[in-house]
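Please open the model in a viewer and keep the selection panel at hand. The stops below proceed from one selection to the next.

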Number of protein chains: 2
Amino acid sequence: MRMGDKPTPRPTDAELAILRVLWERGPSTVREVHDDLSRTQDTGYTTVLKLLQIMTDKGLVVRDESQRAHVYATRESEQRTQGRLIGDLIERAFGGSPTKLVMQALSGTKASAEELTQIRELLEKMEGEAK
Amino acid sequence: MRMGDKPTPRPTDAELAILRVLWERGPSTVREVHDDLSRTQDTGYTTVLKLLQIMTDKGLVVRDESQRAHVYATRESEQRTQGRLIGDLIERAFGGSPTKLVMQALSGTKASAEELTQIRELLEKMEGEAK
DNA sequence: CCTGAACTACGAATCTTTTCGTTGACCATA
DNA sequence: TATGGTCAACGAAAAGATTCGTAGTTCAGG
């Protein structure tokens, strides 16, 4: 990130919905994003287009204009964006304590035994490192 | 919650900042909230007042008007609100998978050994129940 | 009783987010 | 070369979030 560049802003709700499509589909045209989104919600084509243009300005996505139908791709990985959103929520709602968020998330969920095991394995790996 | 009542809406950023003060202080007057908030940010008194009035309309807080300086209190517990926010983020950014969020939150943090232990204990308790 | 401090209520301005209509370009094909 | 389909660009409207000035009420102290 160059000096003077703003850090990537937190995506809004509508923007996040689009990011999720791009994460799932990979680089896509407006039409592809719109068709995908239409399966679950009722958004106009030009709305999606406008949003993607705004997201390009904000630096949330990048645009390949070499084809007539421009192709949009996320600028940051799914993980990185998710990590940013979590960090943001930790700051705003959990007084900066990641542990509180994890505890709350865990107790609020009915995860399967396999999932719990998966989490515990990561946990044990971290405990090993934190020694 | 009575029939026809709207579910509590997601608090906005400014609203969440106020909720945090109320969680920490307990029921408080506008002035108390404002003074607390002023330690970290620069918000006008009437701005806080207006926000609390809006939050009352939305059902995020309740107001005791028996004194001249009205006393505001959160309507839902800290935990419940936090749980709602997490659930919301899971829906919007993690495709509905709580496990993904927990994994991501864990790997993105440098929790202390004690905290990791704390989490693991909760985890083991849950594994016991999920058996 | 008058004044000033502390308070609520209200309205409006501003900013951001979301939505979509309209326009004009491009291109295939009839 | 006209027609229709697909596209990006743009502007503006609508809705939501945030901010604060101003006005009017209440009350304690002089």
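Begin with the surface near DNA strand D: select α2 (30-38) and α3 of chain A together with α1 and α3 of chain B, each of which supplies at least two residues of this surface. Here helices (H or I, at least four residues) and strands (E, at least two) are DSSP runs, numbered from the N terminus. The model is predicted, so local features need pLDDT of at least 70 and side-chain atom pairs count only at pLDDT 80 or more, whereas totals for chains, interfaces and linings use all residues. Residues are numbered from 1 along each chain as its sequence is written, and chains are lettered from A and ligands numbered from 1 in the order in which they are written.

Which element gives the most to the surface near DNA strand D? Colour α3(B), which contributes five residues. Then show the 22 residues around DNA strand D, of which Thr12(B), Ala14(B), Gly44(B), Thr46(B) and Lys50(B) come nearest; a residue is near a molecule or strand if its C-beta atom, placed from the backbone, lies within 6 Å of it. By class, the surface near DNA strand D has six nonpolar, nine polar and seven charged residues. In this classification Ala, Val, Leu, Ile, Met, Phe, Trp, Tyr, Cys and Pro count as nonpolar, Asp, Glu, Lys and Arg as charged, and the others, Gly among them, as polar.

Turn next to DNA strand C. It is surrounded by 22 residues, the closest being Thr12(A), Ala14(A), Gly44(A), Thr46(A) and Lys50(A). Elements giving two or more residues to this surface are α1 (13-25) and α3 (45-58) of chain A together with α2 and α3 (45-58) of chain B. The largest share, five residues, comes from α3(A).

Now select helix α1 (residues 13-25) and helix α2 (residues 30-38) of chain B. Their axes come within 10 Å and cross at roughly 105°; the axes are lines fitted to C-alpha atoms, for helices over the stretch in contact, and angles run from 0 to 180 degrees between N-to-C directions. That makes α1(B) roughly perpendicular to α2(B), a term that covers angles of 65 to 115 degrees. The contact involves Ala17(B), Ile18(B), Val21(B), Leu22(B) and Arg25(B) of α1(B), and Glu32(B), Val33(B), Asp36(B) and Leu37(B) of α2(B). Residues are in contact if their C-beta atoms, placed from the backbone, lie within 7 Å.

Show the strands of chain B next. They form an open sheet of three strands in the order β1-β3-β2, with antiparallel pairing; two strands pair if DSSP finds at least two bridges between them. β1 (28-29) and β2 (61-64) of chain B stand at the edges, each with a single partner strand, so one side of each lacks a neighbour in the sheet. β1(B) is joined to strand β3 (residues 71-74) of chain B by two bridges, and Ser28(B) stands opposite Tyr72(B) in β3(B). α1(B) packs on the sheet and touches β1, β2 and β3 of chain B, its direction making about 95° with that of β3(B).

Finally, display both protein chains. Their contact takes 36 residues from chain B and 35 residues from chain A. On the side of chain B that touches chain A, α6(B) gives the most, with 11 residues.

Notes. Parallel < 35°, antiparallel > 145°, perpendicular 65-115°, else oblique. Contact = placed C-beta atoms within 7 Å.
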